[in-house]
Amino acid sequence: MNLAINGLVQRFTDPDGRRPPATVLDGLNLTTGDIQALVLVGPSGGGKSTLLRILAGLDVPTSGTVAFDGVPLPRDERALQGYRRTVATVFQAYNLFPHLTAMQNLLLPLVHVHGLTEPEALERVREPLERFGLTAHAHKRPAELSGGQKQRIAILRALVVQPSRLFLDEPTSALDPEMTGEVLEMIGELKALGTQFVLVTHEMGFARKVADEIAFIVDGKVGTHAPAADFLDRCTNPRIRLFLDRTLHA
Amino acid sequence: MPRWFAYTLVLTLLAAGGAWAFASLDMNWNWGVVWEYRSVFWRGWWMTVALSVASLLTSSLFGIIAAVMLRSRFTLAQAAARVYVELIRGTPLLVQLLIGWYVIAAALRMGTDQRYLIGVLVLSLFSGAYMAEIFRGGLDAIPRTQLDSARAIGLTPWQSLQLVVLPQAVRIVLPAVAGQLVSLVKDSSLLSVISIAEFTFNARNVNSATYSTLESYLPLAVGYLALTLPLSGLSRWLERRFRYEAA
C-alpha cells in the first residue's frame, strides 16, 4: 500500500461549549513507500489512535486528505460504510460481542455484511481457526475466553472477511505480558502471510521487527518517519530519543 | 439451613399468625354468599389480566420511545422525555387516572364506553415512565466500543441496533421489566376508580351486594398473588440466567 496523508486536522469541539476545542491532529503529513506494514508509535494523547480511526473510516477528519494507493477516502457516511466493508479494524479490547460465541462472532460479518450463506461462512473460518489454534475455543462466549484468546478471535474475525487492509489499534495494551506474546506472534504471522496492515502499538521492539516503516506521532504531527531498520538512528529529536529510550529499556 | 426448610418455617409462622388473628376476630364467615358471585370474580380477574397485558405492550412502547429520547442529542426531545418521566413518577397514579378521565377524556368528548381505552392509556403512560428509566439503563450499559466494533465490521446503524445493541440490552433489562410487570398488575387495581370492571372493582361490588367484606377482599389477594408470584419468579430466573451468561 501507498499511503498519502496531506494536512490532516482533527479538532474536537465540546457540544456544550464549556471547554475549548481540542486539536488532536494538527496538519499531519505522511507519505509512505509501497509497503506492507506501517507502525504508528508515540506518546499517549499524541494522536496516533485518532489517526488510525480516520484511516479505518470510523471518523471523518476536520480537514485534510487521506489516500491509499491514490484512492482518496470518502467523507460521507454512506460511502465510508462501503469503505469499512473493504477493510477491518481491531481495537484495544471489547471487540467481540459478548452475547455471541466466538464462532458466531466470526460468522456475523460474513453472513450479515458480506452475504455468505452460513455453510459458506463456516467453511471460510474452519481453516484459519485451525491454523491459529483456536478451534477448541470456537463454541465459547467471550466471557469464557482469556484476554489473549479474545484478541486473537477478534483478529481472526477481521481476517476472514479478506479485507484489503487491517487496522490494529493497540491490540495488546490491555493484556498481560504472556498474552501480549501470543497476540504479537499472530500479528507476526500476518506479516508472513502478506497481509497489509497499519498497527498502533507501544511495543517498540515488536514494531521494529514487524514494520516496514515506522512513524512517530507526537502533538498531532509526524515527529519522525523512517524505514524500520534505521528508525532509531534517524531519530535526532531529543524528545523522541528520550521516549524511545524509556520504552525500549522499560 | 436448607432453603426449603427456611421457606416452610417462614410460611408456617405466617399461617399461624394469620390463623390466630382471624380466630380472634370472632367472625361469622359467610363464604356461601360470595361463592354465588364467583363468576363476577372470575370475569374481573380476566379483565385485570387483559388490562395488564395491553398496558405491558403499550408501556414498553412508551418506555422505549422515552428512553431513546432521554439519550437523544436533541435537547428538545431530551427535555420532553425528562419532563414526562419526572411528572409521571412524581405524582400518584390515582390523580393521573382522575385527570385522564374527568379532564382529558371529557375535553375530548369521549363516551363512557371509552373508559377502558383511557384506563389502559393512563396506566401505560404511568408504567412507561418507569420502563423508560429501565430501558435507558439497559442502553447505557452497552459500552461505546461495541458500537465502534459494529461499525468497524461494516454493519449499518439498523443492523447494529438489531444484531448488537438490542440482543444485549434486552438481556440486561428483562429481569427489571418482569419486576415492573408485577407493579403494573397491582397498579391496575386503581382503574376501579374510573369504574373499569376489573378484579378490584368487581370484588368491591360483591362486597356492597353481600356486606361480607373480608370474604370479598381475601379472594382478591389470592387472585393478585396468582399473577404476581409467577412474574417475580420469572424475574429472578431471568436475573440468574443473565448473571450466568455474563460470568
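The structure described here is a predicted model. Which residues of H7(B) are buried? In this helix, which spans residues 144-152 of chain B, the buried residues are B:Asp148, B:Ser149, B:Ala150, B:Arg151 and B:Ala152. Just after H7(B), the backbone at B:Gly154 adopts a positive phi of about 95°.

## Contact between chains A and B

How many residues of chain A are in contact with chain B? In chain A, 18 residues are in contact with 20 residues of chain B. On the side of chain A that touches chain B, helix H2 (77-84) and H3 of chain A each contribute at least two residues. H3(A) provides the largest share of that side, namely 3 residues. Sorted by class, the side of chain A that touches chain B consists of 10 nonpolar, 5 polar and 3 charged residues.

## Strand E3 of chain A

Strand E3, residues 37-41 of chain A, is mostly covered, with 5 of its 5 residues buried. How are these residues arranged on the two faces of E3(A)? On one side lie A:Ala37, A:Val39 and A:Val41, and on the other A:Leu38 and A:Leu40; both faces are covered.

E3(A) pairs in the parallel sense with strand E8 (residues 197-200) of chain A over 4 bridges. Strand E9 (residues 213-218) of chain A also runs parallel to E3(A), and 4 bridges join the two strands. A:Leu38 takes part in both pairings: its bridge partner in E8(A) is A:Val198, and its bridge partner in E9(A) is A:Glu213.

## Strand E1 of chain A

Which sense of pairing does E1(A) show with E4(A), parallel or antiparallel? Strand E1 (residues 3-12) of chain A pairs with strand E4 (residues 63-68) of chain A in the antiparallel sense, over 5 bridges. Within this pairing, A:Ile5 stands opposite A:Val66 in E4(A).

E1(A) is also joined by 7 bridges to strand E2 (residues 22-31) of chain A, and these two strands run antiparallel. Here A:Leu8 stands opposite A:Leu28 in E2(A).

## Confidence of the prediction

The mean pLDDT of chain A is 90, and 99% of its residues reach 70 or more. Among the elements of chain A, helix H3 (residues 102-112) has the highest mean pLDDT, 96, whereas helix H9 (residues 238-249) has the lowest, 75. H3(A) is also the element that supplies the largest share of the side of chain A touching chain B.

Notes:
Residues numbered from 1 in each chain as written. Chains lettered and ligands numbered in written order. Predicted model: local features only at pLDDT ≥ 70, side-chain atom pairs only at ≥ 80, totals over all residues. pLDDT = per-residue confidence, 0-100. Contact = placed C-beta atoms within 7 Å. Nonpolar A, V, L, I, M, F, W, Y, C, P; charged D, E, K, R; others polar. Pairing = 2+ DSSP bridges. Buried ≥ 20, exposed ≤ 12 C-beta atoms within 10 Å, placed from the backbone.
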